Amino acid sequence: MGLAPRSPNKAGRRFPAGGKRGRGAKGSGRPRPGRQRPSCSPPDGCSEPALDAHSHLSSEALGYFRRALSALKEAPETGEERELMVHNVLKEVEAQALALATNRTGSEIMQELLGFSPLKPLCRVWAALRSSLRSVACHRCGVHVLQSALLQLPRLLGSPAEEEEEDLEEEENGKDGPLETLEELVLGLASEVCDDFRFYCGDIHASFVVRTLLQVLGGTLLESERTRHRGSQSPDAQRAPARECKPTDFEVPETFLNCLRDLSSCFLKDLAVFITDKISSFCLQVALQVLHRKLPQFCAHVCSAVISYLSSRNPSADGSPLLLFLRDQTSSRLLEQVLLVLEPLRLQSLFEDHFQGQLQALAAHPIANFPLQRLLDAVTTPELLSPVFEELSPALEAVLAQGHPGVVIALVGACRRVGAHQAQVLQLLLEAFHCAEPSSRQVACVPLFATLMAYEVYYGLLEEERAVPAEHQVDVATARALGDVTVLGSLLLQHLLHFSSPGIILQSLGALTGPQLLSLAQSPAGSHVLNAVLSSPTVTRKQRRRVLKTLKGQYVALACSRHGSRVLDAIWSGAALGARKEIATELGERNQELMRDPFGHHVARNVALTTFLKRREAWEQQQGALAKRRRALNSILED
């Protein structure tokens, strides 16, 4: 199973560093981040709901809230004075809630103030906004206040209500009636959203509330949603890959999960809208992630409904109807999420029914290559990996040349995860980067993989030198500075270092000169390659020492680098006492330089360099005790 014969026009190929997932990369077909999409108009053709006439916020009131927030930040974290201050400020927030929420500066202040709020004041502020909920949710500033209020639930849900003065409680109950609980307020919001589900999901601002509400009802906060809710004005802004999401779970009452099921059922009533509308689709994507964690059976039901709907549309003679949607900007994003949450058996069936025989065409497409990457990310069984690998492997070089290295990285990651086809994919990579033959070129594979450049391009060979592959010139390789390490190149090397036999990669790393390895360690992307050397369970201690010995003489430069200092910290953590002495000795020769450097200063403290220089015996005893504790902990973890 090899690649096509080498042709002259392929010999000096620089692989485009494409594959940026959804961030508007050239030729990717994805919209650029930050581009606002037109908001879906509310029913009857009206625009954003009009706000109350009394929602103006005076400059004096704004100044008061700004000073109050500053005072709260400076006040002690506990104490009666602080509690009184919080109570008084939030009473003023309640009185001017709508004006604050719909003012740009006031909205930002209000979001921070809600972070200080105890349970009852938050409920009062929420209740004050309830009569204008639709207006606030559709307002470019107000939406973030509602999100912030919802995001207080992990902190406050289930917490005991504050004890308050009886006269204050009676006064409030007599004025406004009994205060609703936080649970009742959330369920009330869900009920209102459910009543006009298509509108809230389709509005460019209100859709953020729906997405946050789905997470809160499920007791799961997705990292990608949590980090972008504030200040993001378009649904695709700051889009994070699904692989990077790190959900945070918290306990919710059973009523929330029942409500989540009911709210998610609304998607099934208008699947066509939620599959094809750019704004609404994001709500369904978030729902799938939450349901996958909390209601997996219902998640499978929704996925089946989506696949069935797409499979029945636009039948074509050249393949499954689903393939058309894989090439569409909006529906392909939804299908990416479907692929990530499908169960293994259903994923196998989906591949056989719709993907098999089409992988190379999908890999070459500027949009469809992204769902293909998610399919590869979801592969967990040899039964699925084998046909996928057999179909994709002959086209690795072509896929790289088309600027879609993400597909190749995902395939290598699947081989690592499943533990199959590892030797084959490594050989194909060597051939694709033109360093398989002559065999002397294999020692150059790390710089080529890291920079995503073919051998001839990386070393700048002339046209006449490219016709017949020449032996690797060690003197030329050592004289050349390391090229710029790409993020995807770093990911590729990290996967390969976790293969069961990473020998070729380690030999290539060992062939780098001290300055080249230093450049790799100081690179934001390249530093992760050395971290993989230190953490991979398939790299032996002897192999690790052979690679890292090249850094001898470079420790001070490492310590004074933002990323290199972290690599040095990782090396120090796993080093034996003898190696620690060598590192400390080299650092101690330039102690003053380290102490003046912001990164070197922290390394010197971590190494206890002052103790090493002044009280060597005490330092050795301290390091020996630390080593014993580390060995004891490792033995416990291994057991």
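## Aromatic rings

Phe197, Phe267 and Phe274 are joined into a cluster by ring pairs. Before going further, note that this is a predicted model, where local features need pLDDT of at least 70 and side-chain atom pairs count only at pLDDT 80 or more, while totals for chains, interfaces and linings use all residues. Residues are numbered from 1 along each chain as its sequence is written, and side-chain values use heavy atoms, with hydrogens and water left out.

What counts as a ring pair? Rings of Phe, Tyr and Trp (its six-membered ring) pair if their centres lie within 6.5 Å; planes under 30 degrees apart are called stacked, over 60 edge-to-face, and the rest tilted. The structure holds ten aromatic pairs. Take Tyr64 and Phe65, an edge-to-face pair with 5.1 Å centre to centre and 65° between the planes. Tyr64 is partly exposed, at 31% relative accessible area, whereas Phe65 is buried, at 0%. (Buried means under 20% relative accessible area, exposed over 50%, and partly exposed in between, using a 1.4 Å probe and protein chains only.)

As for the helix numbers, helices (H or I, at least four residues) and strands (E, at least two) are DSSP runs, numbered from the N terminus.

## Charges over rings

Arginines also turn up over rings here. Arg211 lies over the face of Phe208, at 4.6 Å from the ring centre. Likewise, Arg616 has its charged end over the ring of Phe612, 3.8 Å from the centre. The rule is that NZ of Lys or CZ of Arg must be within 6 Å of the ring centre and within 35 degrees of the ring normal.

How do helix 37 and helix 40 run, roughly parallel or roughly antiparallel? The axes of helix 37 (residues 562–574) and helix 40 (residues 598–607) come within 9 Å and cross at roughly 10°, which means that helix 37 is roughly parallel to helix 40. Axes are lines fitted to C-alpha atoms, for helices over the stretch in contact, and angles run from 0 to 180 degrees between N-to-C directions. Angles under 35 degrees are roughly parallel, over 145 roughly antiparallel, 65 to 115 roughly perpendicular, and the rest oblique.

Contact means heavy atoms within 4.5 Å. Helix 37 brings Arg562, Ser565, Leu568, Asp569 and Trp572 to this contact, and helix 40 brings Phe599, Val603, Asn606 and Val607. Gln623 sits in helix 42 (residues 616–638) and is buried, with a relative accessible area of 3%. Leaving out residues up to four places away in sequence, Gln623 touches Trp572, Leu577, Arg580 and Val607.

Most residues other than glycine have a negative phi, and most peptide bonds are trans. Now look at the loop between helix 26 (422–432) and helix 27 (445–451), where Pro438 lies. The peptide bond from Glu437 to Pro438 is cis, with omega near -10°. His434 lies in the loop between helix 26 and helix 27 too, and has a positive phi of about 60° although it is not a glycine. His434 is buried, at 2% relative accessibility.

Leu452, in the loop between helix 27 and helix 28 (455–458), isn't a glycine either, yet has a positive phi of about 55°. Leu452 is buried, at 1% relative accessibility.
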